[in-house]
Amino acid sequence: MTDTTSTALPRTLSPSLFLFSILYGGMVVLAGVLGNKQVALGSWLAVEAGIFAFLLLVALSSAVSELHGQSVANRLVLWGFVPLVLSIMLTALVLALPASPEMQPERLAAFDMILGQSPRLMAAGIVAYGTSQFLNVTIFSRLRGSVGTDTSTWLAIRGAIASALSQIVDTLLFVTIAFYGVFPIANLMGGQMLAKVALSVLVIPFVITGLVALGRNLDAKTAG
């Protein structure tokens, strides 16, 4: 007898999975670009701006796990490598092509400085992305309770826990791979961890519950 149970993505994507997949692919690429700016959170903490796009990745993968299951969320994370790697390859191609002589030198210098990341930084981003996102989906899914106990409050709590733990691992991997031996990394690592944990607790629960509510609403309209 043929097993009809499959962990593959459905042939026809639901509206929520279609929307979240598009947003996920965009955030994978955008995170690396935004990371070139340091932003101040108050007067005592500075973080790289890519953290905001990366936390959206966490929220999106958690929402997909909640709505469509852990295996589909893991596939979303896996497919996220495609836009990530393609964007790196396309950026390398553009950097290698000669600039137009009409391009202003200061604009060219700024372009090269922002997008000319070293192979070490690229490798750090790829490793940190994959490890932390798969970890987030795993923790979020494992914390799911029974139907009777899995309330919206518990949804928010396990989203915060999974996000905080996965972002600690993300910071450890990225900062170590990218900057170990270049300069002392303890302060940078501590600041990034503090910011990511704080945002995971204060912001991510609301984002995840909002995305899940939006996804259920979109899918219910289609089913109706």
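In this predicted model, Glu66 is buried, with a relative accessible area of 7% (buried, under 20% relative accessible area; exposed, over 50%; partly exposed, in between; 1.4 Å probe, protein chains only). Residues are numbered from 1 along each chain as its sequence is written, and side-chain values use heavy atoms, without hydrogens and water. Because the model is predicted, local features need pLDDT of at least 70 and side-chain atom pairs count only at pLDDT 80 or more, whereas totals for chains, interfaces and linings use all residues.

Glu66 is linked with Arg144, Arg158 and Arg216 in a network of salt bridges (a side-chain nitrogen of Lys or Arg within 4 Å of a carboxyl oxygen of Asp or Glu). The N to O distance is 2.3 Å for Glu66 and Arg158, 3.5 Å for Glu66 and Arg216, and 3.8 Å for Arg144 and Glu66. Arg158 is buried, at 0% relative accessible area, while Arg144 is partly exposed at 41% and Arg216 is partly exposed at 46%.

Helix 4 (residues 81–96) and helix 6 (residues 119–142) pack at about 175 degrees with axes 11 Å apart (helices are DSSP runs of H or I, at least four residues, numbered from the N terminus; axes are lines fitted to C-alpha atoms over the stretch in contact, with angles from 0 to 180 degrees between N-to-C directions). Helix 4 is therefore roughly antiparallel to helix 6 (over 145 degrees). Phe81, Leu84 and Ile88 of helix 4 meet residues of helix 6 including Tyr129 and Phe134 (contact, heavy atoms within 4.5 Å).

Key. Helix = DSSP H or I, 4+ residues; strand = E, 2+ residues; numbered from the N terminus. Parallel < 35°, antiparallel > 145°, perpendicular 65-115°, else oblique.
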